[in-house]
Amino acid sequence: MQFSAPLKSNSKKIMLLGSGELGKEVIIEAQRLGLETIAVDRYENAPAHQVAHRSHVVNMLDKDALLEIIYREKPDYILPEIEAINIDALFAAEDRGYNVIPNANAVSKTMNRKNIRTFAAEVLGLKTGPYKFVTTQEGMLEAARELGFPCVMKPVMSSSGHGQSIAKSEEDIPASWEEAKEARGDASELIVEAFVDFDYEITMLTARNGKETVFCEPIGHEQRDGDYVFSWQPMQMSEAAKQNAQKIAKEITDGLGGQGLFGVELFVKGDEVYFSEVSPRPHDTGMVTLITQSQSEFALHLRAVLGLPLGFTFYGDGASAAFKSEKHNFAPVVEVDESLFSDNSFVRVFGKPEAHKGRRLAVALVFDKVDAALEKARELISKIKDI
């Protein structure tokens, strides 16, 4: 494969649609290979804007505005990095010959929980928990009664767990309805899921380059309000469960097609594995790979996109802990204790230009046996403050 220099007439270009902390790491990996990088997002000075060769600010839901930038920049690869994107723009770009990663159809399916759930369960025949789609509060109540309490409520389109809640009884339905309707994204339809009695949940990072599919060690994670707060790698699981997880991950990613890295979320009960969701891009729980692998999930994503070999070395166990802001601030300052920088731990500060309560601003990473790493990650995250 030939590599050129950026900002030349023969440069190879990648364009990120969405420029948060995950996209920032993808841009960094792209620049290590001499690619020209363009970062696009809805607000100025997003994390990936700060490291890309060029950046653009646009309404990501505006088809014409997105296409104008795509046609002007003429990227070789378009990498959607967030869910809130006008999907018609991606199909239009693909029709014009642009390479959308992994492909516009896969992005369309995965950004909508109804599409991906019906595709996984009804087309591919993957094992999932029972579910219903509803459009009214009365429909939500009826579905919850049929599926049984507790049950999980989610908008069919949202990001980072926004709008997700657990209803433990009929009395929780109004609050779950309101939370879902206030989520960013499209909340015109909701999915009500039976609560799967699982032992734990994992992310199976799965990379495919058109010639091979590789899996990272399974990642365990803890969520609050539907959003990741801690992750660790590897998640201890039986060999049978691990094989089942890889089988489902391969089936869903083969079904979606294209090249790149996918974050496949799975529920595990004993040796049984249930499909939950999939993201066709690096996953927030996978930030732990910045310290556990020779090729992080971001490097693997780029390698897969370019069709490069996907081999890597797993260095050993590790854990990550997300630091979230406690307040709104137009010029946030992250205060980090020196102890976060040691022989087996460090912190990544994302450089977000604005903070609000619950927004991720940094991540602490620890390299150690899982239990010790997770304990230290929890301790370290308490030593970070936003001031």
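Helices (H or I, at least four residues) and strands (E, at least two) are DSSP runs, numbered from the N terminus. This is a predicted model, where local features need pLDDT of at least 70, side-chain atom pairs count only at pLDDT 80 or more, and totals for chains, interfaces and linings use all residues. Residues are numbered from 1 along each chain as its sequence is written, and side-chain values use heavy atoms, with hydrogens and water left out.

**Salt bridges**

- Side chains of opposite charge can pair when their charged atoms come close.
- A salt bridge is a side-chain nitrogen of Lys or Arg within 4 Å of a carboxyl oxygen of Asp or Glu, and by this rule the count comes to 28 salt bridges.

**Lys352 and Glu21**

- These two side chains, Lys352 and Glu21, meet in a salt bridge at 2.8 Å, N to O.
- Lys352 sits in the loop between strand 17 (345–349) and strand 18 (360–367), while Glu21 belongs to helix 1 (residues 21–32), so the pair ties together parts that are 331 residues apart in sequence.
- Are Lys352 and Glu21 buried or exposed? Both are buried.

**Arg54 and Glu73**

- Arg54 and Glu73 also join their side chains in a salt bridge (2.7 Å, N to O).
- Arg54 is in strand 3 (residues 54–57) and Glu73 is in helix 2 (residues 63–73), so this pair links parts that are 19 residues apart in sequence.
- Arg54 counts as partly exposed because its relative accessibility is 25%, whereas Glu73, at 6%, counts as buried.

**Glu146 and Lys132**

- The Glu146 and Lys132 side chains form a salt bridge too, at 3.2 Å, N to O.
- Helix 6 (residues 137–147) holds Glu146 and strand 5 (residues 131–134) holds Lys132, so parts that are 14 residues apart in sequence are tied together.
- Glu146 has 54% relative accessibility, so it counts as exposed, while Lys132 is partly exposed at 31%.

- Salt bridges with shared partners connect Glu21, Asp227, Asp284, Lys324, Lys352 and Arg360 into one network.

Notes:
Buried < 20%, exposed > 50% of the residue type's maximum accessible area, 1.4 Å probe, protein only.
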